[in-house]
Amino acid sequence: MQVNLLTLAAGTVLEEETRLKKTVFSFNDFNETRDGGSFVFLGGHSSIDGGALQLTPDTLNNEFLLYNKSGRIFYHQPFKLWSSDDPNSNEILTSFSSYFLMNIYRKPGWTAGSGFSFLLAPNLSIPANSHGQWLGLTNSSTNGDSANQIIAIEFDTEKQDEFDPDSNHVGLNINSIRSYAEVSLAGFGIEISPEQGTNYSVWIDYNGVAKHLTVHMDRGESSSKPDSPILNQTLNLKQYLNKNSFMGFSGSTSHPHIQLNCVLKWSLQIETLPSESSSTSLIIGLAIGIPALAIAVASSIVLIYRKRRKLNQSSEENVPERVRRMPGMPREFRYRDLKKATGNFDQRMVLGQGGYGTVFKGVLRSDFSVSVNGEGSGIVTEIAVKKFLRESVNGKDDFLSELAIIHRLRHKHLVRLVGWCHEKGKLLLVYDYMPNGSLEKYLHNPSDPNLLTWERRFRILTGVASALNYLHNEYDEKVVHRDLKASNIMLESDFTPRLGDFGLARVLDNGMTSYAEQGLQGVPGTRGYVAPEYLHTGKATPETDVYGFGAVVLEIVCGKNPGVPISVGQDTFPLVDWVWMFHQEGDILNAVDERLKDEYIAEEVKRLLLLGLACSHPTASQRPRTQAIVQIIAGNVVAPYVPPFRPTFSWPSVRNNAPSPTETESLLSINAS
């Protein structure tokens with residue numbers, strides 16, 4: 001027997017061999033007597049009944065018994081998802097494939113609610129009061145807590161207005177019922193709980209090599225997995241879960257929305273990882289009989305190699321180690337993989353460029369996929385790779401600042417961070433690719449001017465306002481973006497907006513009102529979007545973001561760049577002054593982009609133009625706050641009063657934390673014109 005000493009010493013051959021073994025269980029139906037010992041039933045209402053796992057009460061005769069119930073059912077033993085206890089280890093994780101047949105049933109006349117999920121959790125328990133919107137996953141006091149250590153794939157049948165896209169969607173939930181990623185099923189022709197009872201086959205595959213999760217779904221009992229997943233997500237389980245986690249299901253009902261949450265079949269394939277002790281014993285056993293000199297030589301080579309590698313990496317350990325210690329970090333990419341994905345950072349792949357770096361389009365190709373029938377299939381994922389300028393003196397600080405903020409943000413109108421890379425002094429961030437690029441392209445360099453309809457413009461402003469309100473008020477720390485502009489608003493294929501480029505963003509402590517109070521003064525943003533007080537003080541506040549948003553509102557409605565003066569006879573005017581002139585004359589609709597022709601809703605346009613001017617007020621304290629902006633755009637609050645002449649810049653302009661009564665009144669005053 002020939003033994004490669006270096007490979008054997010590292011243990012890689014042994015681990016690779018043992019990783020090929022898989023444990024499999026398969027339940028084609030469920031019998032309480034036969035299978036009851038295989039499961040743990042939680043919540044007081046879960047059971048095996050009618051040949052199925054029932055997460056919530058199984059009754060059609062007394063709907064009152066179904067109100068506000070929750071339950072969990074777990075397979076009785078946990079599964080080991082990785083080997084090392086080192087939190088910084090970048091080892092390969094366990095791959096697994098779960099198939100189940102589900103039926104979310106409702107009688108005619110019932111309105112479905114609340115939801116069902118496939119769940120990974122650290123223990124055999126269920127939170128109290130987890131019915132309704134909490135889906136049996138969390139409750140009002142535990143929601144969002146990293147100590148939950150849960151990941152769930154939710155099949156939600158009841159829309160929560162503040163964050164769900166609709167009442168028929170799939171989401172990836174991490175320690176929270178607010179989904180990390182979600183997709184409406186309307187476009188797939190799937191209704192989770194139709195009036196006519198329907199079974200659905202679901203495949204959930206996790207690739208521990210690529211750290212990639214996919215969810216497939218098909219109508220009826222199917223042995224053939226669809227070609228395209230409904231959810232496709234890079235995910236490092238080690239960042240969120242317990243090493244030994246249980247797998248199972250959770251479900252809930254609300255009042256008056258009710259449903260039966262049933263699992264009719266379930267099978268699971270999962271790799272068996274080697275235990276630390278068994279690997280050690282095998283290495284020692286095989287080493288017996290190998291000459292001592294050979295062992296010494298091999299050990300010396302390994303030590304020399306590790307020492308050299310440590311010396312080579314010592315200069316850059318600071319940044320990667322700091323990043324890996326950040327809780328909830330996404331995937332760490334290898335530089336060579338990103339280089340290959342972007343065609344060696346080919347200039348033809350450039351999506352955009354700024355003072356902090358260049359953004360490239362990338363295409364990741366993975367040959368790793370785990371399926372129930374054991375067959376693999378490649379995964380192709382489009383990404384956007386932001387490469388920071390190496391010659392930038394503050395490159396590492398910029399990289400860490402952007403990473404520290406955006407990796408924790410979760411909002412459907414914010415560009416999602418997929419991963420990061422730091423090798424050999426190169427700093428890169430990886431984001432979701434936005435097929436339609438930036439809003440700026442469609443406003444000022446349109447290949448088809450008819451693409452940016454009024455409906456799409458209105459929806460873009462609604463989404464950006466929602467994202468800004470999240471940053472200012474809904475996230476657990478106040479975040480100011482500091483560089484709101486059209487080129488930082490990215491568009492998905494259906495023109496859904498996502499606010500991106502957090503290179504200038506900073507988190508403000510709750511007790512602080514400005515960026516400068518933290519001793520972090522920086523450069524202003526882009527001409528036309530910068531508040532006048534920011535130019536004087538360098539202090540970034542939520543009010544300076546509102547000013548930038550106002551510029552974006554005027555830009556979208558008028559189709560003109562805020563940073564480019566507009567010629568009127570012999571004179572030139574900034575966009576905001578140009579719109580204010582029309583407002584003064586009582587003809588503000590004359591400022592509307594001519595490309596829209598008459599295909600817009602005049603009441604909406606007027607309301608948004610007045611909002612844009614109100615946000616552009618030279619005095620920060622007179623600008624509306626983001627909570628009011630969201631309400632004004634939706635039409636729930638009247639347009640703010642805007643004086644006919646543009647006020648002059650007054651000093652001081654930075655407001656206190658709370659608005660005065662007169663400020664609040666001026667914010668919500670009815671426009672008299």
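**Helix packing and the core around it**

Modeller: Helix H13 (residues 575-584) packs against helix H14 (residues 602-615) at an angle of about 125 degrees, the two axes being 11 Å apart. Helices here are DSSP runs of H or I of at least four residues, strands are E runs of at least two, and both are numbered from the N terminus. Axes are lines fitted to C-alpha atoms, for helices over the stretch in contact, and angles between N-to-C directions run from 0 to 180 degrees. H13 and H14 are therefore oblique to each other, given that under 35 degrees counts as roughly parallel, over 145 as roughly antiparallel, 65 to 115 as roughly perpendicular and the rest as oblique. The crossing of H13 over H14 is left-handed, that is, the near helix is turned anticlockwise from the far one by less than a right angle. On the H13 side the contact is made by Val 576, Val 579, Trp 580 and His 583, and on the H14 side by Leu 609, Leu 610 and Leu 613, contact meaning heavy atoms within 4.5 Å.

The model is a predicted one, in which local features need pLDDT of at least 70 and side-chain atom pairs count only at pLDDT 80 or more, while totals for chains, interfaces and linings use all residues. Residues are numbered from 1 along each chain as its sequence is written, and side-chain values use heavy atoms, with hydrogens and water left out.

The residues in contact include Trp 454, Leu 461 and Leu 468 of H10 and Phe 549, Val 553 and Val 557 of H12.

Several of these names return in the largest nonpolar core, which has 70 residues and in which Phe 549, Val 579, Leu 608 and Leu 609 have the most contacts. Such a core is a set of buried Ala, Val, Leu, Ile, Met, Phe, Trp, Tyr and Cys residues joined through side-chain atoms within 4.5 Å, where buried means under 20% relative accessible area, exposed over 50% and partly exposed in between (1.4 Å probe, protein chains only). Helix H10 (residues 454-474) gives the most to this core, with 10 residues. Domain 2 (331-367 + 379-432) and domain 3 (439-634) both contribute residues, so the core lies between them; the domain bounds come from an automatic or database domain assignment. Leaving aside neighbours within four places in sequence, Leu 608 is in contact with Trp 454, Phe 458, Leu 461, Val 553, Val 557 and Ile 633. Apart from this core lies another, of 50 residues, among them Met 102, Phe 118, Ile 174 and Leu 237.

Elsewhere, some loops deserve a note on backbone geometry. Most residues other than glycine have a negative phi, and most peptide bonds are trans. Lys 211, however, has a positive phi near 55 degrees; this residue sits in the loop between strand S12 (200-207) and strand S13 (212-219) and is buried, at 7% relative accessible area. A cis peptide bond joins His 255 and Pro 256, with omega about 15 degrees, and Pro 256 belongs to the loop between strand S15 (244-252) and strand S16 (260-271).

As for the chain as a whole, there are 16 helices and 28 strands, and 51% of the 673 residues count as buried. Among contacts between residues at least 6 apart in sequence, 70% join residues at least 24 apart.
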